[in-house]
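Open your viewer and keep the selection panel handy. We will go from stop to stop, picking something new each time.

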Amino acid sequence: MNNISDKFSLKGKVALVTGASYGIGFAIAEALAEAGATIVFNDIKQELIDEGLKAYKAAGITAHGYLCDVTNEPQVQEMVTKIEKEVGVVDILVNNAGIIKRIPMHEMSAAEFRQVIDIDLNAPFIMAKAVIPAMMKKGAGKIINICSMMSELGRETVSAYAAAKGGLKMLTRNIASEYGEYNIQCNGIGPGYIETPQTAPLRTPEHPFNKFIIAKTPAARWGRTDDLKGPAVFLASEASNFVNGHVLYVDGGILAYIGKQPK
Ligand code: NAP
Ligand code: GCO
């Protein structure tokens, strides 16, 4: 029987984190590497891959970077085949790549709505479909979908993003339901409001959203990518082999809290 620290070890595992040149994906990849995994990541621009490889090297991590648009199924299939040849079978998939468009719904074009759905929901399906056959053969696998507060809540201007992240929660539950018998666990991480480039426009000192989020968060602070590292290692490791179809919210308590009463 493994001791408890062995249960959190990722030694000998290959982890693919999408869109992980920086931001949440990079932090999660750092954590998985620290737990022993071999890191593979992709991004949509070569310069981001190059920057990401430099950043991983600076963090003492020998990562493998692949140029791939996660919405493009032939590109994804080709990338996964190359990874299996050059690095090894993907044991852990983290569907992290994502975008947001903050536009009032009545002003949003159908093309803009579709683009968000394509990257934030269709791509996790394409990525999971590409890695699951090898996981089935291996008799084990971990899929972690990066969900959101918007998997549970709506707010003005993020209709496409909320629809995608709500769908991603249910895709997570359905993959768990369909592949649990192959010892494949699929769970979500639902970050709260985290300090990354994606939320930078909301965190300017004068932006009212800044104060709003502090009032809505019991921890009374924005989340940091570091806050996501432990939950990611837990869901990527044997320690969570009987956790399936769950979205672990790492939100400082936002979803539990009505918000601080204005003074
Ligand atoms: P970010 O800073 O915008 O990084 C997103 C990454 O995904 C970037 O590297 C981006 O590359 C990449 N990407 C976008 N479209 C892609 C595509 N088609 N193919 C491959 N890579 C693509 O975002 P983040 O804040 O780190 O968020 C990462 C994930 O966490 C997203 O799914 C986001 O929805 C989710 N999330 C974020 C927060 C938060 O508060 N930050 C909270 C909850 C959930 P480019 O630079 O080329 O676009
Ligand atoms: C927004 C934010 C959020 C965060 C995150 C919260 O505009 O509301 O960007 O959507 O990115 O998803 O969990």
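Which residues lie nearest the centre of the second largest pocket? Select K13, A140, K142, A236 and E238, which are the ones nearest its centre among the 16 residues of the lining. Before going on, note that this is a predicted model, where local features need pLDDT of at least 70, side-chain atom pairs count only at pLDDT 80 or more, and totals for chains, interfaces and linings use all residues. Residues are numbered from 1 along each chain as its sequence is written, chains are lettered from A and ligands numbered from 1 in the order in which they are written, and side-chain values use heavy atoms, with hydrogens and water left out.

**Still at the second largest pocket**

A pocket here is an open set of points on a 1 Å grid over the protein atoms alone, where a 1.4 Å probe fits, with protein on both sides within 12 Å along at least five of seven lines; lining residues have an atom within 4 Å of a point. The volume of this one is about 230 Å³, counted as the space filled by probe spheres set on the points. Colour its lining by class and you will find four nonpolar, six polar and six charged residues. Gly counts as polar in this scheme.

**The largest pocket**

Next, select N96, A97, G98, I99 and Q198, the closest to the centre of the largest pocket out of 39 lining residues. About 870 Å³ of space lies there. Its lining divides into 21 nonpolar, twelve polar and six charged residues. Now show the helix α2 (23-34), which gives the most to this lining, with three residues. Helices are DSSP runs of H or I, at least four residues, and strands are runs of E, at least two.

**Ligand 1**

Select ligand 1 and the 29 residues around it (a heavy atom within 4 Å); Y22, N96, Y161, I194 and T196 come nearest. Then look for polar contacts, pairs of N or O atoms within 3.5 Å. A polar side-chain atom of D43 sits 2.9 Å from an oxygen atom of the ligand. For D69, a polar side-chain atom is 3.0 Å from a ligand nitrogen, and a backbone N or O atom of V70 is 3.2 Å from a ligand nitrogen.

**Last stop: N187**

Finally, pick N187 in strand β6 (residues 184-191). N187 counts as buried because its relative accessibility is 0%, the cut-off being under 20% with a 1.4 Å probe and protein chains only. A polar atom of its side chain lies 3.1 Å from the backbone nitrogen of G245. Beyond four places in sequence, N187 has contacts (heavy atoms within 4.5 Å) that include I143, T172, L235 and H246.

Definitions and conventions: Buried < 20%, exposed > 50% of the residue type's maximum accessible area, 1.4 Å probe, protein only. Polar contact = N/O pair within 3.5 Å; in protein donor to acceptor, adjacent residues only side chain to side chain.
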